[in-house]
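Q: I've got a structure to look at and some quick questions. Can you walk me through it?

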Amino acid sequence: MTKPLSLDLMREDVAAMIHIGSAEIGDDDNLMDLGLDSMRAMNLVLLWQERGVDLDFSQMATRPTLAGWWQLVKRHIDEIAEARS
Amino acid sequence: MTAQSVRAVPDRSVRELPLTQAQSGIWFAQSIDPANPVFNTGHYVEIDGKLDVAAFATAVRQLAMEADGLSVRITGKDVQIVEERNRPLLELEDMTLRSDPKGDALAAMQTDMNSPLDLAGDPLAREMLFRLGAERYIWYQRMHHMVTDGFATGLVTQRIAEIYNATVAGGPKGAELTALDVAVDEEKAYRGSERSGRDAGYWHEALRDMPEVTGLKAGLARSASSYDRVERMLAPDICDSLLRLARTTQLSWADLLTALAGAYFSRHVRRNEITIGVPFMGRFGSPAARVPTMLMNILPLRLDVDEEGGLVQWLAQAAGRMARDRRHGRHRGEQMRRDLGLLGGQRRLYGPLVNILPFDALPRLTGLETRLTTLGTGPVDDITFTFRGDPAARCLSLEVDTNPLLYEAGETQSHAKRLANFVGAAVEAALAGRSLREVATVTDEERSWLLERLNDTAHPVTDRTLSQLLEDSFVSFADRQALRFGGRSLTYAELDRRTAALAEALAERGAGRNAIVAVTLPRSLDLVVALIAILRAGAAYMPLDLGHPRERLDRILASSRPILVLGAKDSEPLGTIEVFSPPAWPTEPQGRALGQTAGGSAAYVIYTSGSTGEPKGVVIEHAAIVNRLEWMRQHYDFGPSDVILQKTPMTFDVSVWEFFLAFFSGGSLVIAPPDAHKDPRAMAQIIRDEKVTTVHFVPSMLSAFLAEPGSRGIAMKRVFCSGEELTADLRDRFHERITAELHNLYGPTEAAVDVSYWPAVAGDSSRPVPIGYPVWNTRLYVLDDHLRPVPVGVEGHLYLAGVQLAREYLGQEELTAKRFVADPFHAGERMYCTGDLARVRADGAILYLGRSDHQIKLRGLRIELGEIETAILSHPSVTQAVVDLREDQAGEKRIVAYATLEGGEADDGAEGDILTHAGRFLPDYMLPSAIVVLHALPVNANGKLDRRLLPAPVFAGGRGLAPVTENEKLVAMLFERILQAEGPFQVDDDFFDLGGHSLLAVELMLHLRETTGHEPGIGVLFEHSTIGKLAKHLDRGAASEGAGLQPLVKLNAAERGRAPVFMLHPAGGLCWCYNGLARALGADRPAWGVQALALDPDEQAPETLDDMARDYARRIAFIADRQMIHVVGWSIGGILAQAIAVHLTEMEQKVGVVALLDAYPCDCWRDEPDPGPGAELKALLAIGGHDPDGLPELPLTREAVMTFLAESESPLGRLPAAALDGMVRVVALNNRLVRGHRHGRYDGPVLHFRAAKDRASDGTGLRPESWMPYIGSLDIRDVPLVHAHMTGAEAVLHVAPMLKAALLEHEMGRAKGDEP
């Protein structure tokens, strides 16, 4: 089974996608400046869907940083929890 | 709270925004074609279940409020206004009471999709909900491409679903969409940014030296009003393999698919360097990512497909390029087009579009089932390959969208199958570490159709050899006539005896199996006897043309070593080889045994041009040529009644079937006189006289033959074309003039004459005309550079296989091995590489596309340019040489050689010296028409020769004195017209030095005949090839005897200057009456009289007046040579003038003044009774300048009229009797033709000179206004004379000034009108 999504796992996935070391990616680095592009970002969304988190690509696209994305993930998890309660 | 979730509250007072650049692109495209609804994008979602309609309407309402970009009106090329009333609120449509709720809903949606929108007023987005039943709905969403793109449509759809789900099921509410001005502002900021400068710089570099981009199909890439779509799912195992490849290579599967689609495209255009279009969302990393509007960009992706290296490495390279491109993807494609000057639809920035859509577009509505169907995604300019879905879900579809103006329906389907297959195979190859080279382009199904079905030609053929079959016929048809030549003939039995006798003599001299006997005889009975005798002796015959240079002949003799030459008695000896001439031949056989032939024995050896300068001797065996001949006999049903004309020189392999086929079926063979094959008039005569049923033409010669008036109306069984491309126009022209089947054959000398056939018979509308299907026991393959079959419609190399292949190039093993290679599809067999390019049509017929190498075809002869280059380079002062086939004038192909000289400077006469030198090695047909000496050969950036920069040769005249005599002037004018060379010409200018060649010579003769009524024959031109000499010949010859009666007569001395006037003969057919008027038009106004052909009793009379007018129009256009054409005609001449104006307009000639001298439409005469006897004589009087009605006492007899004419000193009185009879005949003919003529409409102005003295009082009812239905406008001028005097001296005083003024006025007006 796949691991649940975490900030560090996201960092690893992004690093693999753009072929750089995960230590090189800071939370607030603009991922586009590091070589991420729309097509690779879409692949990440698909990958994370497999990990159980359905992220909205357009929201990710407005601010491509790990910190920004992690916020989206957290909000997504919160909203699901809220909806369930 | 994040920054982007705080929605900027739009300032309601600011309603006006500029367009995004992407919107501007769509705006321009739509404004070019405002009625085209293809810019409407749309889809519908079928919803099953208990939809909360109120909640849904609320969700749509909220979306409409958020997405202000959807409610804009576009009021100009850079203004959009957010219009409150255009917000797309949900429209509800209850279909439940309809008999077919869904069908009606679909129809309503289709109607809406097909309705073009007014960008300035109509709502550009629409949301509809059709209720089909209690729990069945259709949600229809339609937006103009101005306000959305694929990404924005997804945003809108998902956002509505999100709001609905939050309302009905308490799902997450999600973030609001972003307002339009955010996207507009962001783009504005980008445009001024440093980044945009960097992006522009990147693309400038990326597109530098991009080769001209082609699409899959030629033609204008501009969207039709709809497109065709074929969709298919990729097999789950392809999805799995794709993901596996993505994982092992760490490349995204999307990039893999894009690159492979590029490789697929490259296979179809036979180029490794290709450019495809890749849609780019244009908003990643920008707050505009949540603005629903049109922002998409299309980036050109340049790929250099590597067939040889590891596929994985190439895929990684391609993905790297895509990543770099995307980083600079904001730079607009429209801007790249402008920078590269690629405006308009003809020149492209990219070929196919490849679109990857990894997200599921389907909205999920809580508690409901949904299915999405796309109705339109915007224009498809050419072809779009879309991969949609997620391979991880094993759900990946391929959609192929095509422009129906460029692709036929079946092609879309084929691409979908083939690309899906290709992707699957390529992914497997990559996983296995292989290269692209090993991946087939076509599917297995296509492969078996191309290689097997189309080549299923197995057919039993006799195992008798050519000589045995001939011997069989000699027995079967013994008493029939076999052969005719120049009034002599031979029966089959006689031919048997003669050939047996000679065969015995040859055998005695060593002729036998695999020996070669050369033949140099001219066309004659003896020639046929020689060829058959050689075959019967068991040897192979080898035709040689003694007209070829000595060096070439010597090389051929050295490499082929014939044991004997069969040549004319007085012919030059060929080295040490014995010449055995007809007078020495025995005529009665002694009954000695002859050499036996087998299927594998050599039958003939024909030499063709070779690239290294060494001619190639093609050896054809009996079994090969028997297959060809038996196929032809049976396929075309040749029988004993057939008469075949032998006219092709024997060194050209078409002659082989001409020589022997008639004998296979008991028919007869007619041998054309030597050199007659170059003379269309002689051909037409022989075909008629000898009742020929079958004849062959090289297409260029067929064209000359059809231009020959004598060919009109010939009826035969069949005409075969081969040797060069048969154009569709030529085929159509053929069927207009000649009644016969026309068949197009194709084949190189290396495969026993022809290997394919196509019936280009009447009714065939193929464009271009195919070379067709393989003959018996023959296979045609169209393969790419790696010997893989290419798909239907794709250019490839044509290979041949089967029983007709030649054995070898004599004595050239290496070359044989290079051109005859192993057939990869049939173990142990060979195939021949033709060097021709071809493609397979959807019906399997092969189309010939041209040569792939340095070899050309000129007038049916295959020529290696390399052989010519070698000859020129062997000149001691030439340092570099390039030879090119040029077509500087449409339809006029000429060989031109370019050379650089030692020291760089050209001496006077260097060109002539080089040409003379080359002439020692090359036959005439290979000699360049011009040698151009250059300082240096033009090269491109890579230092390679750039053929496009080679200058057109200037064929300039100017030797000797200016032409003086009438005939000199005439010949000079004809040279100028036909050679299209730079004048003015002088009397010592030579036709052939000026670029003339044999077909142009034929044309010259034709026009000479059409102008003078006499033709000296083509042979005369070879002897008298300068203007002065040819003119002198005409002075002496028959042309001078008929002076004044020729079809085109110059009426005044004016040479050049103003546009010429053509005066059309009246009823009598002569134009002498116009002399005064012609002279009065001024010294700068050439005037020509067009006289009736039928004055010459040998000429066939035209069948209708319109035929006559068409023929005149053609001659007039030739003389006018693209100048404006004025026509004047009196009486019937006026009717002709109007009809000629109609034809000239059709021919796109510039028609000037059309002046009628008291002429009236045919309707006025149609119902009149035929003029009684004496009418012709009356007309003769009128032509002589007398009013016949004013001579009541003159008896209307021939003698009385002649005497009267002579006494009145009319020039007619001095005409020979034959000419007068001709005139009488012409008068009768014209009276008849006028009654049958129906006028076409000429839309221009007509100037009418009315004979006022007749018309004022008469009751004839002849009114110029009767022309009105047939002309554009009418200007009537009265001349106070009677009809009969309208060209006389007094008339000239009245008419000439008005006519002159009209001519000038027309030319000035026209000149002005031509200015933009």
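Q: How many of the eleven residues of strand E34 (residues 830-840) of chain B are buried?
A: Nine of the eleven are buried, so E34(B) is mostly covered. Buried means under 20% relative accessible area, exposed means over 50%, and partly exposed is in between (1.4 Å probe, protein chains only). Strands are DSSP runs of E with at least two residues, and helices are runs of H or I with at least four, numbered from the N terminus.

Q: Before I go on, what sort of model is this?
A: This is a predicted model: local features need pLDDT of at least 70, side-chain atom pairs count only at pLDDT 80 or more, and totals for chains, interfaces and linings use all residues. Residues are numbered from 1 along each chain as its sequence is written, chains are lettered from A and ligands numbered from 1 in the order written, and side-chain values use heavy atoms, leaving out hydrogens and water.

Q: Back to E34(B). Which strand does E34(B) form a hairpin with?
A: With E35(B), and five residues lie between them. B:Gly844 in the turn has a positive phi of about 95°. Five bridges join the two strands, which run antiparallel. Two strands pair if DSSP finds at least two bridges between them.

Q: Which residue is the bridge partner of B:Ala838 in E35(B)?
A: B:Tyr848.

Q: What about strand E31 (residues 796-802) of chain B: how many bridges does E31 make with E34(B)?
A: Five, in the antiparallel sense. B:Ala801 has B:Met831 as its bridge partner in E34(B). Strand E33 (residues 820-822) of chain B also pairs antiparallel with E34(B), over three bridges. There, B:Val821 stands opposite B:Met831.

Q: New topic. What is the strand order in the open sheet of five strands in chain B?
A: The order is E5-E6-E7-E2-E12, with mixed pairing. E5 (90-94) and E12 (369-377) of chain B stand at the edges. Each has a single partner strand, so one side of each is left without a neighbour in the sheet.

Q: How many bridges join E6 to E7 of chain B?
A: Eight, and the two strands run antiparallel. B:Met128 has B:Tyr140 in E7(B) as its bridge partner.
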